[in-house]
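Welcome! Let us walk through this structure together, one part after another.

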Amino acid sequence: MSTPKKINVGIIGCGNISQAYFNGAKTFEVLNVVSCADLNAAAAEAKAVENGCKAESVEELLANPEVDLVINLTIPAVHAEVSMMALNAGKHVHCEKPLAVHLEDAKAVLDLAAEKNLLVGCAPDTFMGAGFQTCRKLVDDGWLGRVVGGTAFMMGRGPESWHPNPAFFYEIGGGPMFDMGPYYITALVHLLGPVKRVSAVTTRAFETRIATCEAQFGKELPVHVPTHNSGTLEFHSGAVITVTVSFDVYKHQHKPIELYGTEGSLQCPDPNTFGGPVAVWTPTGGEWREQAFSHRYAKNFRSIGAADMAMAILSGGAHKHRASGELAYHALEVMHAFEKSSESGQHIVIESKPPQPAPLPLGLIEGRLG
Ligand SMILES: NC(=O)c1ccc[n+]([C@@H]2O[C@H](COP(=O)([O-])OP(=O)(O)OC[C@H]3O[C@@H](n4cnc5c(N)ncnc54)[C@H](O)[C@@H]3O)[C@@H](O)[C@H]2O)c1
């Protein structure tokens with residue numbers, strides 16, 4: 001058997017989430033992490049030692065001819081800037097969510113990539129996990145019939161009780177919609193195809209919140225964003241999905257995502273995970289029945305989207321990567337539409353219309369995507 005070709009990766013941003021990417025990248029044979037960088041040189045050095053790669057400055061990593069693909073794990077406020085730097089250095093980019101805070105910046109990233117004939121990918125890639133691939137198979141195989149409606153609920157009381165530095169969650173580009181919305185909207189687009197229009201009302205329970213985490217106990221956190229977003233998404237498929245994304249809710253009992261079709265109903269797992277549970281109700285079954293996974297990758301396989309993009313790079317465009325920049329742009333446009341609709345009192349028509357990402361094939365062996 002011939003040795004599989006690999007894409008050399010440089011990781012920029014060695015914070016909280018980075019180890020999940022280093023771990024995931026070791027699973028996929030197509031990825032080879034050669035270098036990492038961070039504004040905080042000590043953070044990059046520590047990750048390099050832990051993971052057996054080189055630590056470099058951001059400038060060195062971008063100038064490193066070995067690096068083909070940059071995985072951008074910086075904070076949302078600089079996602080677009082760092083992705084543009086990587087593209088200008090001739091590297092493909094896979095970025096953490098969101099693609100950018102502002103739509104214009106996200107568009108500039110996609111335009112620059114097209115101009116330079118480079119690929120852009122973006123988190124979340126959790127929809128490529130076992131849970132949502134199983135949901136997709138059930139939908140595609142017709143277990144629900146035609147999907148008419150559904151619900152998506154991400155509701156909690158906010159991160160200030162556990163996150164050591166929670167202020168950014170309440171600044172522009174933060175809030176529950178930009179932090180958690182990408183998981184829910186991307187998962188829905190994966191299942192149903194793109195969104196046609198959005199109507200929504202947004203509000204906030206508090207103008208100021210109080211941190212109760214140990215590191216910043218008692219610190220006042222001014223709230224600059226809506227913290228309760230409630231709306232309706234109409235999909236090009238005709239499905240109508242009710243979505244609430246909130247940091248203003250102590251407790252609830254809704255499932256993360258449910259779909260209601262002409263032949264049955266589907267309960268989907270938390271889209272911020274790769275696993276389950278997945279359950280189906282049909283009139284012949286008469287009860288919720290938990291489903292075995294049709295696909296693999298049920299654990300935390302962050303970087304599966306980057307691996308899929310690496311395959312696209314190696315295929316010279318024949319393979320289409322699923323967690324694409326176009327999909328992330330669409331999710332961002334939908335997220336912005338919530339506040340736009342609330343302020344204007346109008347439905348917001350969504351202009352972008354990316355293709356529905358292809359389902360993963362059945363029968364994969366671990367470490368491969370095709
Ligand atoms: N932490 C999580 O559980 C989690 C989960 C999913 C997604 N994410 C996403 O991953 C991204 C990173 O999150 P995190 O929790 O790891 O944040 P973090 O604050 O722990 O780490 C971000 C790192 O990026 C570095 N950085 C910031 N600006 C930089 C720049 N211009 N150049 C180089 N390095 C820079 C920081 O020094 C820091 O080490 C965010 O977009 C977040 O939404 C985080």
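Two strands pair if DSSP finds at least two bridges between them; strands (E, at least two residues) and helices (H or I, at least four) are DSSP runs, numbered from the N terminus. What you see is a predicted model, in which local features need pLDDT of at least 70, side-chain atom pairs count only at pLDDT 80 or more, and totals for chains, interfaces and linings use all residues. Residues are numbered from 1 along each chain as its sequence is written.

Six strands form an open sheet with parallel pairing, in the order β3-β2-β1-β4-β5-β6. Its edge strands are β3 and β6 (120–122), each of which pairs on one side only.

Now look at strand β2 (residues 31–37). Five of its seven residues are buried, so β2 is largely enclosed by the rest of the structure. Here a residue is buried if 20 or more other C-beta atoms lie within 10 Å of its own, exposed if 12 or fewer, and partly exposed in between, with C-beta atoms placed from the backbone.

What does β2 pair with? Strand β1 (residues 7–12) runs parallel to β2 and is joined to it by six bridges. Ile 7 has Leu 31 as its bridge partner in β2, and Val 9 has Val 33. Right-handed means that, with the strands pointing away from the viewer, the path from the first strand over the helix to the second runs clockwise.

Strand β3 (residues 54–55) is also parallel to β2, and two bridges join them. In β3, Lys 54 is the bridge partner of Ser 35. Together with helix α2 (residues 41–51), β2 and β3 make a right-handed β-α-β unit.

Next, turn to helix α4 (residues 79–88). Its buried residues include His 79, Ala 80, Val 82, Ser 83, Ala 86 and Leu 87. Seen down the axis of α4, the buried residues fall within an arc of 165 degrees (taken from the directions from the helix axis to the C-beta atoms), so they line one face of the helix. Just after α4, Gly 90 takes a positive phi of about 85 degrees.

Finally, find the ligand. It is surrounded by 20 residues, the closest being Gly 13, Gly 15, Asn 16, Ile 17 and Glu 96; a residue is near a molecule if its C-beta atom, placed from the backbone, lies within 6 Å of it.
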